[in-house]
Amino acid sequence: MLPPGTFKIGQTQKMNLFQSITSALDNSLAKDPTAVIFGEDVAFGGVFRCTVGLRDKYGKDRVFNTPLCEQGIVGFGIGIAVTGATAIAEIQFADYIFPAFDQIVNEAAKYRYRSGDLFNCGSLTIRAPWGCVGHGALYHSQSPEAFFAHCPGIKVVIPRSPFQAKGLLLSCIEDKNPCIFFEPKILYRAAVEQVPVEPYKIPLSQAEVIQEGSDVTLVAWGTQVHVIREVASMAQEKLGVSCEIIDLRTIVPWDMDTVCKSVVKTGRLLISHEAPLTGGFASEISSTVQCKHVIDDFLEKAKLTFLSQEQCCLTTIKFAVEECFLNLEAPISRVCGYDTPFPHIFEPFYIPDKWKCYDALRKMINY
């Protein structure tokens, strides 16, 4: 949760994840007269109902449909953002974000650098339903966060719950860098909690330690956070193992300090995500944790490269502890999807469920 005193909770309402997204978008449209929402079918509420009622409330000039053309949706959003308006684009499924890849990676991410900070499209936010859903198969189940983590100039955020979703989405919308906000679609109706009605923000690039522990560090984001929470309970009950659970929340720029401090304390690290193993973001975390060297004062160099008005798109890459590698008691474990297309009927065998994670944890403890 947020540090005490960060904001006043005020009135709360029971919301599922898609309702918390709607609430965040409603708050943004009410606060910012330049804000517009656009994408395929958003005018009637979208396929997951995240924009339901917003067209009626704010008008067809602020919430409107686009042609079925992801490259055009993002390109249009870049143009709106460059004028100084707030652009909130929806890609109907994260699996279909790839036609817009060039616009995101070569235009949005590089616009500020390309112009020498004369122009930017930092007020662009791209939303997309993400991850497996139980029956999505090849084209409605993918987790493409690692593709964008390789691209300097954008931020990538994935929430785990309604409360997190609203606060992180509002932070993305108001951030001065282009953001991609992936929404775990299997949680749209499954995750329910009390969410403040008024706007609030959760800081980007700050991981959350959900549960403190002493024996193993478990890192995940989005839906997989709920899986490793189950694993932590199983480990405590069956093995007497104390697990520290970390929700990364922001994939890039990610919170190295929190993860490295935890690994130094526990000596073991398990990272889990639905995306395929090879080249997944777990690889980046694993590599960083095993890096023996302290990287300090990188921010000043990064500013020369990325030229953000308020902050660099990279956080300060500074490890609070030295020689993280020497504190490891066992090899780092990555429990991820297989290097295959996402299957349909074999989805239960593909996903990194609690049993796979628990087995990997048990092997680490016995190493």
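I began with helix 1 and helix 7, whose crossing is right-handed. The model I am reading is a predicted one. Helix 1 covers residues 17-31 and helix 7 covers residues 162-174. I found that their axes come within 8 Å and cross at roughly 30°. Angles under 35 degrees count as roughly parallel, so helix 1 is roughly parallel to helix 7.

I then listed who makes the contact. From helix 1 I noted Leu17, Ser20, Ile21, Ser23, Ala24, Leu25, Asn27, Ser28 and Lys31. From helix 7 I noted Pro162, Ala165, Lys166, Leu169, Leu170, Ile173 and Glu174. I sorted the residues of this contact by class: nine nonpolar, four polar and three charged.

**Overall counts.** I looked up the whole protein chain next. The chain holds 13 helices and 14 strands. Of its 367 residues, 56% are buried. I also checked contacts between residues at least 6 apart in sequence: 82% of these join residues at least 24 apart.

**Helix 10.** Which residues of helix 10 are buried? In this helix, residues 281-289, I noted Phe281, Ala282, Ile285, Ser286, Thr288 and Val289. I looked down the axis of helix 10 and found the buried residues within an arc of 165°, so they line one face of the helix.

Among the helices are helix 6 (145-149) and helix 9 (256-266). The strands include strand 10 (216-220) and strand 12 (250-252). Strand 13 (269-276) and strand 14 (333-337) are also partners.

**Helix 9 on helix 10.** I took this pair separately. The two helices pack at an angle of about 60°, with their axes 10 Å apart. They are therefore oblique to each other. The crossing of helix 9 and helix 10 is right-handed. In helix 9, I noted Met256, Val259, Cys260 and Val263, which meet Ile285, Thr288 and Val289 in helix 10. By class, this contact has six nonpolar, one polar and no charged residues. Ile285, Thr288 and Val289 are also on my list of buried residues in helix 10.

**Helix 8 on helix 13.** Helix 8 is residues 224-239 and helix 13 is residues 354-365. I read a packing angle of about 50°, with the axes 9 Å apart. Helix 8 and helix 13 are therefore oblique to each other. Helix 8 passes helix 13 in a right-handed crossing. From helix 8, Gln224, Val227, Glu230, Val231, Met234, Ala235, Lys238 and Leu239 take part. They meet Lys354, Trp355, Cys357, Tyr358, Leu361 and Arg362 in helix 13. I sorted this contact as nine nonpolar, one polar and four charged residues.

**Backbone.** Most residues other than glycine have a negative phi, and most peptide bonds are trans. I looked for departures from that.

The peptide bond from Val252 to Pro253 is cis, with omega near -5°. I placed Pro253 in the loop between strand 12 and helix 9.

Ser205 has a positive phi, near 65°. I found Ser205 in the loop between strand 8 (192-196) and strand 9 (208-211). Is Ser205 buried or exposed? At 11% relative accessibility, Ser205 counts as buried.

Arg249 also has a positive phi, near 65°. Arg249 lies in the loop between strand 11 (243-247) and strand 12. Arg249 is buried, with a relative accessible area of 5%.

Key
Residues numbered from 1 in each chain as written. Predicted model: local features only at pLDDT ≥ 70, side-chain atom pairs only at ≥ 80, totals over all residues. Heavy atoms only, no water. Axes fitted to C-alpha atoms, helices over the stretch in contact; angles between N-to-C directions. Helix = DSSP H or I, 4+ residues; strand = E, 2+ residues; numbered from the N terminus. Parallel < 35°, antiparallel > 145°, perpendicular 65-115°, else oblique. Left-handed = near helix turned anticlockwise from the far one by under 90°. Contact = heavy atoms within 4.5 Å. Nonpolar A, V, L, I, M, F, W, Y, C, P; charged D, E, K, R; others polar. Buried < 20%, exposed > 50% of the residue type's maximum accessible area, 1.4 Å probe, protein only. Arc of directions from axis to C-beta.
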